[in-house]
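Okay, thanks for making time, everyone.

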Amino acid sequence: MGIGGPVGSGKTALVAALCHRLRNMVPLAVVTNDIYTTEDADTLRHLGVLNADHIKAVRTGCCPHTAIRDDIAANLDAVEDLEQMIGADGVILVESGGDNLTATFSYGLIDRQIFVLDVAGGDKVARKGGPGVTRSDLLVVNKVDLAPLVGADVGRMLSDAHAVRGSLPVLATTVRSGEGVDEVLAWLMSERALSRS
Ligand SMILES: Nc1nc2c(ncn2[C@@H]2O[C@H](COP(=O)(O)OP(=O)(O)OP(=O)(O)O)[C@@H](O)[C@H]2O)c(=O)[nH]1
Ligand SMILES: [Mg+2]
């Protein structure tokens, strides 16, 4: 499962929240991508969301989208190592480095992808489009709690997202308080069931 989206939108927070819920349900592992550091893997290990060896960091050294779309070798290596550890039946969450609206995963690396936007970026972002907004398997609009502070209209943002995505799903979350995360989990589990059938 690829998880992409702009810098700071809440990708790592979503990965952590999903790990807490998934770790007793399925064999589980995580790959993080950062450009220069292993910051997100360190954060997840520090939070104790999984055994440390089930979290692998890829240091892309380049634009995050290159490592998830154009030259996926380092991520594929990490996924294959983790798959050997947890088995082909497990779930591996691959967090992209924070990027811009052009970022998207190669389906040679992942089976499904979630694109995480956040309300604090402004309610126009869904209208700005890009492949993550329009074609990701699930669009998550996060940080709904911040809408009053930044003057964002969440309802408008969701209806703009639905307008460009047709029947593809959109979920609103406040990952910080856990609101909406169970719906993301339910979507993930149903996609997993579909891909296994
Ligand atoms: N208020 C609020 N803050 C949130 C929410 N979700 C995440 N955050 C905060 O937003 C900041 C960025 O969250 P991250 O999960 O690190 O975002 P990210 O997308 O992984 O960031 P990069 O990997 O650097 O692109 C952190 O301070 C989080 O605590 C939310 O729902 N509400
Ligand atoms: Mg992150």
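This is a predicted model: local features need pLDDT of at least 70, side-chain atom pairs count only at pLDDT 80 or more; totals for chains, interfaces and linings use all residues.

Which residues of helix 8 are buried? Residues are numbered from 1 along each chain as its sequence is written, chains are lettered from A and ligands numbered from 1 in the order in which they are written, and side-chain values use heavy atoms, with hydrogens and water left out.

The buried ones are Val 154, Met 157, Asp 160, Ala 161 and Arg 165 (buried is under 20% relative accessible area, with a 1.4 Å probe and protein chains only). They sit on the same side of helix 8, because they cover an arc of only 125° around the axis (the arc is taken from the directions from the helix axis to the C-beta atoms). Covering them are, among others, strand 5, helix 5, helix 6, strand 6, helix 7 and strand 7; contact here means heavy atoms within 4.5 Å. Helices are DSSP runs of H or I with at least four residues, strands are E runs of at least two, and both are numbered from the N terminus.

Now the two ends. At the start of helix 8, a side-chain oxygen of Asp 153 comes within 3.1 Å of the backbone nitrogen of Gly 155. Just past the helix, Gly 166 has a positive phi of about 60°.

On to helix 9, residues 181–196. Its buried residues are Val 181, Val 184, Leu 185, Trp 187, Leu 188, Glu 191 and Arg 192. These also share one side of helix 9, since their arc is only 160° around the axis. They pack against helix 1, strand 4, strand 5, strand 6 and strand 7.

Helix 9 also takes us to the largest pocket: helix 9, helix 4 and strand 4 each supply at least two residues of its lining. That pocket has a volume of about 470 Å³. Of its 22 lining residues, the closest to the centre are Met 1, Gly 90, Val 91, Ile 92 and Asp 111. On a 1 Å grid over the protein atoms alone, a pocket is an open set with protein on both sides within 12 Å along at least five of seven lines, a cavity is a set of points where a 1.4 Å probe fits but cannot get out, and lining residues have an atom within 4 Å of a point.

Last, the structure has one cavity of 30 Å³ or more. The largest cavity is about 40 Å³, and its lining includes Gly 4, Gly 5, Ile 68 and Phe 115.

Key. Buried means under 20% relative accessible area, exposed over 50%, partly exposed in between (1.4 Å probe, protein chains only). A polar contact is a pair of N or O atoms within 3.5 Å; within protein, one must be able to donate a hydrogen and the other to accept it, and residues adjacent in sequence count only if both atoms are side-chain atoms. Grid points are joined across faces, edges and corners, and a volume is the space filled by probe spheres set on the points.
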